[in-house]
Amino acid sequence: MIPRVLTWGSEHLVTAKYSRRLAKWFTTLSPKEKAKIIKDVTQLVLSRRTRMCNFLEYKDSKVVYRRYASLFFIAGCASTDNELITLEVVHRYVEQMDKYYGNVCELDIIFNFQKAYFILDELLLAGEMQESSKKNVLRCISQQDSLEDMEVSY
Amino acid sequence: MSSMRGLVQFIADLRNARARELEEKRVNKELANIRQKFKGGSLNGYQKKKYVCKLLYVYIQGYDVDFGHLEAVNLISSTKYSEKQIGYLAVTLFFHEQHELLHLVVNSIRKDLLDHNELNNCLALHAVANVGGREMGEALSTDVHRLLISPTSKAFVKKKAALTLLRLYRKYPGIVQIEWAERIISLMDDADMGVTLSVTSLVMALVQDKPEEYRGSYVKAAQRLKRIVVENDVAPDYLYYRVPCPWIQVKLLRLLQYYPPSEDSHVREIIRESLQQIMNIAMDTPKNVQQNNAQNAVLFEAINLLIHLDTEHSLMMQVSSRLGKYIQSRETNVRYLGLEAMTHFAARAETLDPIKKHQNIILGSLRDRDISVRRKGLDLIYSMCDTTNAGPIVNELLRYLQTADYGIREEMVLKVAILTEKYATDAQWYIDMTLKLLSLAGDHVNDEVWQRVIQIVTNNEELQAYAAHTLLNYLKADCHESLVKIGCYVLGEFGHLIADNQGSSPIEQFLALQAKMITSTDNTRAMILSSFIKFVNLFPEIKPQLLHIFRLYSHSPDSELQQRAFEYLSLATLPTDDLLRTVCDEMPPFSERASILLSRLHQKTAGTTDKKTWVVGGKDANQDKKEVLMAQNTGLKRTFTTIVNGTNAGTNGTAASPASSATGDLAGLDLSASSAPPPPNMASAAHLTPDWDIGYNRLYFKGQGVLFEDAQIQVGLRSEYRGHIGVVKVYISNKSTFPIGSLTTTLDNRAAPNLKIDTKSLPDSSLSAAGQTQQTFFIEAHGPFTDAPTIRISYLAGALQAYTLQLPVLMHRYMEPSTLSAEEFFKRWRQIGGSPLEAQNTFGVVAKAKDINETFTRQTVEGFGWRIVDNVDPNPKNIVGCAVYHFATGKTGCLLRLEPNYEKMMYRITIRATQEAVPQALAKQMEQKLAQGSTSDHYA
C-alpha cells in the first residue's frame with residue numbers, strides 16, 4: 001500500500017486553470033515523469049463532476065481525490081489499495097492542518113509551506129500512515145515550534 | 001511559529017505578480033540575489049536558512065533551481081534545530097535517491113541517528129524515509145533497526161524507524177536480515193497504536209516476500225484485530241469519528257489475506273468474531289461523511305477477507321445479500337466499491353448464482369454517469385460470465401461498445417473477444433459476434449484481437465467455410481480495416497471452400513479484396529498481396545487479373561510492397577508451378593500456446609507493488625496459477641457443441657491440455673519458485689534451547705510437571721490422553737520481578753498430517769511479574785509418527801528472549817495395554833506375519849549410558865503402554881507385550897517381543913502390528929528411548 005504521490009493545489013474557477021501548491025512524492029521518478037503525471041491527473045480530476053465517486057483509475061494505479069472549497073487534494077495509490085481509507089488519510093491531513101493553523105485556508109499553506117511539509121512528515125512516512133492521533137501529531141509539531149522559538153529568541 | 005520576514009515578503013511579491021512574465025522576472029531577480037549572497041560566503045545560519053527557504057518556494061512553484069544544494073547540506077549539520085530542519089527539508093525536495101550530493105549527507109544523517117536528542121533522530125529518519133536508496137540502506141539500516149528495537153527508544157521514534165526500514169526494504173530487500181523477523185513481529189504487540197500501525201505496514205511488506213519467516217504475524221494480527229474490534233481496546237485518541245483506528249483495522253484485515261485460512265479452530269474463531277462485529281457495526285447509520293467512509297473502508301476490507309477465507313458460509317450469506325444493495329446505492333463510492341467486491345466474489349465463488357440475480361443492475365452500471373463505476377461494472381460483467389449468460393452479456397456489451405468512452409474501449413474489445421472465445425457453444429455465434437465486435441470497435445482494437453481470430457479459424461475446421469462466407473459479405477460492404485486483414489487471410493486460406501457458392505466465385509472474392517486495396521494502409525495491402533499469390537494457386541482461372549495486380553504493385557513506392565509484388569510475380573510466372581504449390585500449401589495449425597488475449601489483458605495489471613491475491617475473471621481463471629501469473633492455458637482448439645459441418649466434437653478434440661512448453665515458459669516467471677534455501681524455522685527441532693531435554697525426559701511418560709525452567713520463566717505441562725485425543729496445556733509463568741510483553745508461542749508439527757494439532761486458546765500476550773498464563777492444544781493421532789512437536793516461546797523483556805522446546809508427545813501417548821493369553825498371542829503373531837507388518841531392530845545402548853537392567857526395561861516397556869504377557873517366551877528374560885494404538889480413523893493391534901542382552905548392553909526388538917508403518921515407527925521410538933539406558937534420574 002504505497003500512496004505514490006500526494007499533491008494539493010487549487011483551481012481558479014473562472015479560468016479553470018489549476019495551480020499546484022505542493023506535492024510530495026513517495027516514489028522516485030524523473031522530473032519529466034512527475035510533470036506528466038501531475039498534468040494528466042489534474043486534467044482528469046478537474047473534468048469530474050460533483051457527486052461522482054472520489055476514485056478514478058490512472059494507468060495501472062488509482063487516484064483518490066477530494067475537494068475542499070477551491071483546494072483539491074489528490075493522492076495516487078496502488079490499484080490494490082483500500083480507496084476509502086486513503087481518502088480519509090487526506091481528510092486527516094486537512095484536519096491536522098486545520099487544527100494547527102486554526103481554520104486553515106489556502107494562504108496559510110502558501111505562506112507556511114514548510115509547515116505543511118513538516119505536518120505531513122508526522123502523518124505519513126514512506127507513504128504509509130504513521131500516526132492517526134491528532135493530539136500526538138500536534139504535540140510533535142508544537143515541540144518543534146517551541147524549539148524554533150527558543151532559538152530565535154537567543 | 002516564527003516566520004522569516006524576507007520570505008513572507010518574497011511570497012507576497014510573487015502572489016501579487018499580475019502575469020507569469022512579471023512573476024518570472026521577480027524570481028530571476030531573487031535567484032540572482034541569492035546566488036550573489038551564497039558566493040560571498042559570509043552568511044550566518046539564519047540567513048542561509050532564509051535563502052534556502054526562498055529557493056524551496058521557487059522550486060515548488062515549478063522553477064528549476066540548480067544551485068544552493070551545498071548550502072542546504074551545510075544547514076543539516078547546524079546545531080540549531082530550525083536550521084537543521086530546513087536543511088533536511090531541502091534535501092528531501094531537491095535530492096532523489098541517486099543524487100550525486102547525497103553521499104555528502106550520509107555521515108550527518110548517521111550522526112543525527114545516533115544523537116541522544118530524539119528530535120534529531122526523527123529528522124534523520126525522515127530524510128532516509130524520503131530519499132533513501134540502496135546505498136543509504138546499506139550504510140544506515142543497522143542504525144535504523146537499532147532505533148526500532150532499542151528498549152530505550154520512544155514510541156514516536158520507533159514508529160518512524162519502522163517506516164524508514166520499510167522504505168529501505170522496498171528499495172533493497174537485502175537490508176532486512178533474517179534474524180530480525182521474530183523481533184519485528186513482536187513489535188506488533190506494542191502498547192502504542194502508532195508503533196503498531198507502522199510496524200504492521202513494515203510486516204505487511206515483509207510477509208508478501210517471506211511468508212514463512214513472518215508466519216507469526218498471522219496470529220498476532222488476528223488477536224490485535226479482535227482486541228480492537230470486539231473488545232474495543234483503543235485509546236480515545238485513536239477513535240476516528242467513533243471508528244476505532246480504521247487504518248490499523250484495514251491493515252490487519254489485509255495482512256490476514258496474505259495467508260491461506262488458518263488450520264487452527266481457535267484462530268478461525270477469533271477472526272470470525274471480529275468479522276461478525278464489523279458486519280454488525282456497519283448496520284449503524286453513520287453520523288457524518290468521515291464515519292461513513294471509515295466504516296465502509298473497514299467493511300469492504302472485511303468483505304475481501306471473508307471472500308478470501310471462503311469458509312465462513314453464514315457470514316458470506318449476509319455479505320452477498322448486502323452487496324446486492326451496495327451496487328444500487330445512491331452513494332457513488334459505495335456503488336463503486338460494491339461492484340469491486342462483487343468482482344472479487346465472482347473470482348472465488350463456487351457458484352455465480354447470487355451474482356446473476358443482479359445481472360440487470362450490473363449491466364445497468366455500464367450506463368452509470370461516472371466512468372470509474374462503468375469500469376468496475378465492466379470488470380464484474382467480465383467475471384460473472386459463463387456459458388449460460390454469455391449470449392445476452394456479449395450482446396449488451398456490443399450494444400454499449402458503440403457509446404462507450406474511448407478510454408475504456410480497447411479493454412472492452414479485449415474482454416468481449418475473450419468471452420466470445422471462452423464461452424462459445426456454437427461456431428456460428430463465435431464468428432458472428434467476433435466479427436461484429438471488430439466492425440463496431442473500429443480503431444480501438446489491439447492487433448492481438450484480429451490475430452487471435454485468424455488462429456482460431458485456422459485451427460478449427462468447422463469454422464472455416466462459415467468464416468470465409470461471412471467475411472466476404474463484410475468485405476463487399478464498407479468495413480473496418482481489421483476485418484479486411486482477417487478477410488484477406490481467411491479467403492487466401494479457405495476461399496476455395498466457398499468458391500462454388502453463389503456470389504462467392506473466385507472473381508467475386510478477388511474483386512472484393514481489390515476494392516479494399518485502395519483505401520487500406522500499406523501493411524494491409526501487403527497482406528492482400530499474399531492472399532493473391534495464394535489465389536494464383538487456388539484459382540488458376542483468375543490468374544491474369546492477379547498478375548496484373550502484381551505488375552502494378554511492383555512499381556509501388558513502398559519498398560516492401562514492391563519487393564513482395566515482384567517476388568510473387570516471378571513465383572507465379574515460373575514454367576512449372578511446383579514451387580508455387582509448396583509455398584502456398586495449407587497453413588498448419590497454430591501451436592497451442594497461452595492466449596495472446598489474456599496475456600495482453602493482464603499486462604495492464606502486472607507490476608503493482610502489492611501482492612494481488614486475485615485477478616479479475618471467474619473462479620476458473622483464479623484457480624489457474626498461471627493465469628494469475630498473467631497468462632492462461634486456453635488451447636486454440638475450441639469445442640463447439642453445435643458444429644457447422646456436422647463432425648463430432650470428439651474428433652475436433654476438447655480444449656487441448658496446456659502445452660508443456662507454455663508451462664515451461666512460465667516457470668521463469670514464477671516468483672514463488674525461488675532457488676534460495678528455505679528460511680530458518682526457529683520453532684523447529686533444529687533450534688532447541690540448551691537443556692531442553694532434561695524436562696522432556698522427565699515428562700516423557702508423565703502427564704504433568706515442569707518442562708523447562710530458568711531464572712526468568714517456567715514452562716509447565718499438564719496433559720491427558722484418551723483414545724486418539726490428547727489435551728495438552730502449557731503453563732507459562734513469569735518468575736522475574738518485572739512484566740514481560742509480546743509473549744508469543746509458535747508450534748512446529750513435523751508429524752503432520754499423522755499428528756493433528758489444533759490450538760484451542762492462546763496465551764495472554766503480556767504477563768505481569770509472577771503472573772501465569774496458559775495455552776491449550778488438542779493433539780490428535782491420525783497415524784504413526786516419529787517426530788514430537790516443538791514449541792517456540794518468545795517474549796520481550798527489554799530484549800527478545802526465546803526458547804524452543806520439544807513436547808513429549810509421541811506414539812506412546814496413544815497406546816493402550818491389551819490383554820492376550822499366550823495362545824492368542826501366538827495365533828495373532830503368526831497371523832500378522834513378517835514385513836511390511838513387522839519391524840525388527842538390533843541395537844546397543846549409547847556410550848554414555850551407565851546401565852540397563854530388567855527393572856529399567858520393564859518400566860520402559862510399560863511406559864510405552866504395553867501389557868507385558870508373562871510365560872509366553874521360552875526365555876524368561878525376554879519380554880512380550882500387547883497393546884492397541886489409537887488413531888482418528890481406527891485402532892491397530894500391536895505385538896512386541898523384546899530380547900535384552902544385559903551383558904552386552906544390547907537389545908533386539910521385534911514389533912508386529914496390523915497396519916503398515918506402525919511397527920517401524922514404534923520400534924524406532926522405543927529404540928531411541930531404550931538406547932538411553934537407565935542414566936536418567938527418574939528411574940532411580
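Visitor: Which residues gather in a patch of positive charge on the surface?

Guide: Please keep in mind that what we are looking at is a predicted model. Since Lys and Arg are the residues that count as positive, arginines can build such a patch, and here both chain A and chain B contribute to the gathering on the surface. The residues are A:Arg49, A:Arg51, B:Arg330 and B:Arg369.

Visitor: Where is B:Arg369 placed, and is B:Arg369 buried or exposed, or partly exposed?

Guide: B:Arg369 sits in a loop of chain B, with helix H19 (359–364) on one side and helix H20 (371–383) on the other.

Visitor: Which residues form a nonpolar patch on the surface, and how much accessible area do they have together?

Guide: The nonpolar patch belongs to chain B and consists of B:Leu574, B:Leu579 and B:Val583, of which B:Val583 lies in helix H31, made of residues 578–583. Together the residues of this patch have an accessible area of about 250 Å².

Visitor: What helices and strands does chain A have, and in what pattern do they follow along the sequence?

Guide: Chain A contains five helices and seven strands. Read along the sequence, they follow the pattern β-β-α-β-β-β-α-α-α-β-β-α.

Visitor: How many residues are in chain A, and what share of them is buried?

Guide: A residue counts as buried when its relative accessible area is under 20%. Among the 154 residues in chain A, the buried share is 64%.

Visitor: Which residues are joined by a cis peptide bond, and what is omega there?

Guide: The cis peptide bond joins B:Ala752 and B:Pro753, and B:Pro753 is found in the loop of chain B between strand S6 (741–748) and strand S7 (755–759). For this bond, omega is about 5°.

Visitor: Is B:Asn232 buried or exposed, or partly exposed, and what is its phi?

Guide: B:Asn232 lies in the chain B loop between helix H12 (216–229) and strand S1 (239–240). With a relative accessible area of 48%, B:Asn232 is partly exposed. Although B:Asn232 is not a glycine, its phi is positive, at about 55°.

Visitor: Why does B:Arg242 count as exposed?

Guide: B:Arg242, found in the loop between S1 and strand S2 (243–244) of chain B, has a positive phi of about 75° without being a glycine. Exposed means over 50% relative accessible area. B:Arg242 counts as exposed because its relative accessibility is 59%.

Conventions. Residues numbered from 1 in each chain as written. Chains lettered and ligands numbered in written order. Predicted model: local features only at pLDDT ≥ 70, side-chain atom pairs only at ≥ 80, totals over all residues. Heavy atoms only, no water. Patch = residues over 30% accessible without salt bridge, like charges linked within 9 Å, V, L, I, M, F, W, Y side chains within 5 Å. Areas by Shrake-Rupley, 256 points an atom, 1.4 Å probe, with all protein chains shown as cover. Salt bridge = Lys/Arg side-chain N within 4 Å of Asp/Glu carboxyl O. Charge placed at Lys NZ, Arg CZ, Asp CG, Glu CD. Helix = DSSP H or I, 4+ residues; strand = E, 2+ residues; numbered from the N terminus. Buried < 20%, exposed > 50% of the residue type's maximum accessible area, 1.4 Å probe, protein only.
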